[in-house]
Amino acid sequence: MMNYIFFDLDQTLYTDETGLFAEVGARIERWTAQNLGLSPDKAKVLRHHYFVNYGTMMRGLVLHHPEVNADDYLEYVHDIDVRRYIAPNPALDAMLSRLDVAKVIFTNSITDWAERILRQLGVRHHFKHIIDVRAVDYQSKPHPHAFERALEILGTPASACVMVDDQVSYLRGAVAAGMRAVLVRPGAEAVDGIECAVETILDVEPILQQWLVER
């Protein structure tokens, strides 16, 4: 049985060759330096430390800097005109059309960001839900609560869901929750319960179609 395919957004449904992620990263470090009183170099180190340990910079801020406003951070780092970086993707649109199952975006970013990205890609209409970091109580993937809350929102068992993501740590969280998992990353290999690894998002279709037949 497959009720939902969970798709990550950034670096999964699209990759960045034009500088979008560099701009996001620069905004993260700028906000961190300004609001925590750090030098740019220390802000960069802290960003890396929190990503490695918690999955996102935001989660580290929530845990260790309760004096800062998480929503202010989220709005600032995502305040970018994505039209300068992303073009429509007809091949992705066609692939999603062929997958006869409900689809959901599960992202550590915010809904507004996901909406803008999906509209620019030309694929917004494929997704029944967008579950963002606010919807899971500011718990980022791979935290167990993030997956528990996402499944609760959809009212579905984990065993009826697949997670497609570019981060091994996030997929480990999905597998621990009871979901099947596909890694999308050039040169990646399936490890730690992740059943399959593919080079690009378009390469995931044969795997998902086979699992849909199995259901």
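A residue is called buried when its relative accessible area is under 20%, with a 1.4 Å probe and protein chains only. By that criterion, 50% of the 215 residues in the chain are buried. The model is a predicted one.

**Overall architecture**

The chain contains nine helices and six strands. Its radius of gyration is 17 Å, close to the 17 Å that the globule rule gives for 215 residues, so the chain is as compact as a globular protein of that length. The C-alpha trace spans about 55 × 35 × 30 Å along its principal axes.

| Element | Residues |
|---|---|
| Helix H1 | 20–36 |
| Helix H2 | 40–54 |
| Helix H7 | 144–154 |
| Helix H8 | 168–177 |
| Strand E4 | 161–165 |
| Strand E5 | 180–184 |

**The pairing of H1 and H2**

Helices H1 and H2 pack with their axes 9 Å apart and at an angle of about 115°. Because angles of 65 to 115 degrees count as roughly perpendicular, H1 is roughly perpendicular to H2. The crossing of the two helices is right-handed. On the H1 side, the contact is made by Gly 25, Ile 28, Glu 29, Thr 32, Ala 33 and Leu 36, and on the H2 side by Ala 43, Lys 44, Leu 46 and Arg 47. Classified by residue type, this contact of H1 with H2 comprises five nonpolar, two polar and three charged residues.

**The surroundings of H8**

H2 also takes part in the packing around H8, where the buried residues of H8 pack against H2, H7, E4 and E5. Those buried residues are Val 168, Tyr 170, Leu 171, Gly 173 and Ala 174. After H8 comes Gly 178, which has a positive phi, near 110°.

**A histidine in a loop**

His 78 is located in the loop between helix H4 (70–77) and helix H5 (90–98). Leaving aside residues up to four places away in sequence, His 78 touches Ser 109, Ile 110, Trp 113 and Arg 116.

Conventions: Residues numbered from 1 in each chain as written. Predicted model: local features only at pLDDT ≥ 70, side-chain atom pairs only at ≥ 80, totals over all residues. Heavy atoms only, no water. Axes fitted to C-alpha atoms, helices over the stretch in contact; angles between N-to-C directions. Helix = DSSP H or I, 4+ residues; strand = E, 2+ residues; numbered from the N terminus. Parallel < 35°, antiparallel > 145°, perpendicular 65-115°, else oblique. Left-handed = near helix turned anticlockwise from the far one by under 90°. Contact = heavy atoms within 4.5 Å. Nonpolar A, V, L, I, M, F, W, Y, C, P; charged D, E, K, R; others polar. Rg over C-alpha atoms; globule rule 2.2 N^0.38 Å.
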